[in-house]
Amino acid sequence: MAIPISSDLLDGCVLALLKQEDYYGYALTRRVKEVLPISESTLYPVLRRLKKNQWLTTYDQPYQGRNRRYYQLTPAGNDQLRLIQQEWHQYRQAIDQLMGGEEA
Amino acid sequence: MDTYLAELKRALAPLNPDEQSEVLAYYSEYLQDAQLKTYDECVKELGSSRSLARKILADYSIRTSDEEWETETGSGSGAKRVRHQVSSVWRMIVLIGLAILSSPVTIPVIILAITTLIALAGVAGAMVLTLAVLVVAALLVAVVMIVAGAGVILTTPFTGLFYIGAGLIIIGGFMMGLPVLEWAVMLIIRGVSKVVKRLYRKIRRPEKEGTHHEKNV
């Protein structure tokens, strides 16, 4: 069974990855796909939305005669990440309490 | 890969040039990084260019509509604003319909979703039409009353005055009621747009699981 991931949580995952390092589109998709069953075309609208909210910025870097667009976390994005993390933490505790965590 | 991107570009024609080139830059980079060269490899990774484009278009129309609601208090006369909203919601319904059609969900779900979309559009359309007919009828009655009143005012002045007065009251009431009417129409449109968006988000989910399971097989 796959519980569908909400767009807020996906935002959080992307922001958290970008906190570690800057990613370009394909690498980011691959990285998320290692863990979550998203489709290849899921991240474009997510990145666009995050950029519009100014939670991330982009810059281009030449790579083999073309440009790669890298995504970088902004301070506002970092705040947003912390907010999502807090909410997720509370939510997870609530669910664990009702449903039992792994060790319960 | 070039063929795939050219197709995608053609399918994205409804977007403005800036948005179009942004999408294309993203996916061209994506395909190069994924080292997918042949057309078939691209389709295998991203789905057909048409279904990808439809997903992108549906997404853009939802986003635009969200932004429009946020900045809605802006300019333009009431009628103009209503017309603009109707056309943008209509566009969104069509685009979402297309996106659902081309997404790999089961046929019953598609039928259900499309039927819901059509029913929604129909109900909302009927409500707006009813309002419009009511208004037109009231105005017509008012005009007839004024004309009739003016016709008899010389022979029976009081009857004439009565009819003219009643007609003017209806028109006055209409003028005062105009903002309420506009508000009602906007409410209907807003409701439709909300339901449609929710429907699309619901439908979109199984798709991800679907691709996931395919990969696992």
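Predicted model: local features only at pLDDT ≥ 70, side-chain atom pairs only at ≥ 80, totals over all residues.
Biologist: How many helices and strands does chain B have, and in what order do the elements run?

Modeller: Chain B holds seven helices and zero strands. Read from the N terminus, its elements run α-α-α-α-α-α-α. Of its 217 residues, 35% are buried. Among the contacts in chain B with a separation of 6 or more, 70% join residues 24 or more positions apart.

Biologist: What makes B:Asp33 buried or exposed?

Modeller: B:Asp33 has a relative accessible area of 10%, and buried means under 20%. B:Asp33 is therefore buried. B:Asp33 is found in helix H2 of chain B. Leaving aside neighbours within four places in sequence, B:Asp33 is in contact with A:Tyr24, A:Tyr26, A:Tyr63, A:Arg66 and A:Arg68.

Biologist: Which residues have the most contacts inside the largest nonpolar core?

Modeller: They are A:Leu43, B:Tyr27 and B:Leu31, in a core of 46 residues. Helix H2 (residues 17-33) of chain B supplies the largest share of this core, six residues. A second, separate core has 21 residues, including B:Ile62, B:Val89, B:Val192 and B:Leu199.

Biologist: What is A:Leu43 in contact with, neighbours within four places in sequence aside?

Modeller: In chain A, the partners are A:Leu10, A:Val14, A:Leu28, A:Thr29, A:Val32 and A:Ile38. B:Tyr26 is in contact with A:Leu43 as well.

Biologist: How do you know whether A:Ser39 is buried or exposed?

Modeller: The relative accessible area of A:Ser39 is 7%. The cut-off for buried is under 20%, so A:Ser39 is buried. A:Ser39 is found in the loop between helix H2 (25-35) and H3 of chain A. A:Ser39 and A:Thr29 are ten residues apart in sequence, with their C-alpha atoms 8.7 Å apart.

Biologist: What makes A:Gln54 and B:Gln35 worth a look?

Modeller: A:Gln54 has a positive phi of about 60° although it is not a glycine. B:Gln35, also not a glycine, has a positive phi of about 55°. A:Gln54 lies in the loop between helix H3 (43-52) and strand E2 (56-63) of chain A. B:Gln35 lies in the loop between H2 and H3 of chain B.

Biologist: Why are A:Gln54 and B:Gln35 called exposed?

Modeller: Exposed means over 50%. A:Gln54 has a relative accessible area of 58%, so A:Gln54 is exposed. B:Gln35, at 59% relative accessibility, therefore counts as exposed too.

Biologist: On what value does B:Trp183 count as buried or exposed?

Modeller: B:Trp183 has 54% relative accessibility. With the limit set at over 50%, B:Trp183 therefore counts as exposed. B:Trp183 is in helix H7 (residues 157-216) of chain B. B:Trp183 and B:Val82 are 101 residues apart in sequence but 9.3 Å apart in space, C-alpha to C-alpha.

Biologist: How do you know what span to expect for H4 of chain A and H6 of chain B?

Modeller: The expectation uses 1.5 Å a residue. H4(A), residues 75-99, has 25 residues and reaches 36 Å from its first C-alpha to its last, close to the 36 Å expected. H6(B), residues 107-152, has 46 residues and reaches 66 Å, close to the 68 Å expected.

Biologist: Which residues of H4(A) are buried, and what do they pack against?

Modeller: A:Gly77, A:Asn78, A:Gln80, A:Leu81 and A:Ile84 are buried in H4(A). The buried residues of H4(A) pack against helix H1 (7-20) and strand E3 (66-73) of chain A. Just after H4(A), A:Gly100 takes a positive phi of about 90°.

Notes
Residues numbered from 1 in each chain as written. Chains lettered and ligands numbered in written order. Heavy atoms only, no water. Core = buried A, V, L, I, M, F, W, Y, C linked by side-chain atoms within 4.5 Å. Buried < 20%, exposed > 50% of the residue type's maximum accessible area, 1.4 Å probe, protein only. Helix = DSSP H or I, 4+ residues; strand = E, 2+ residues; numbered from the N terminus. Contact = heavy atoms within 4.5 Å. Expected span 1.5 Å × (residues − 1).
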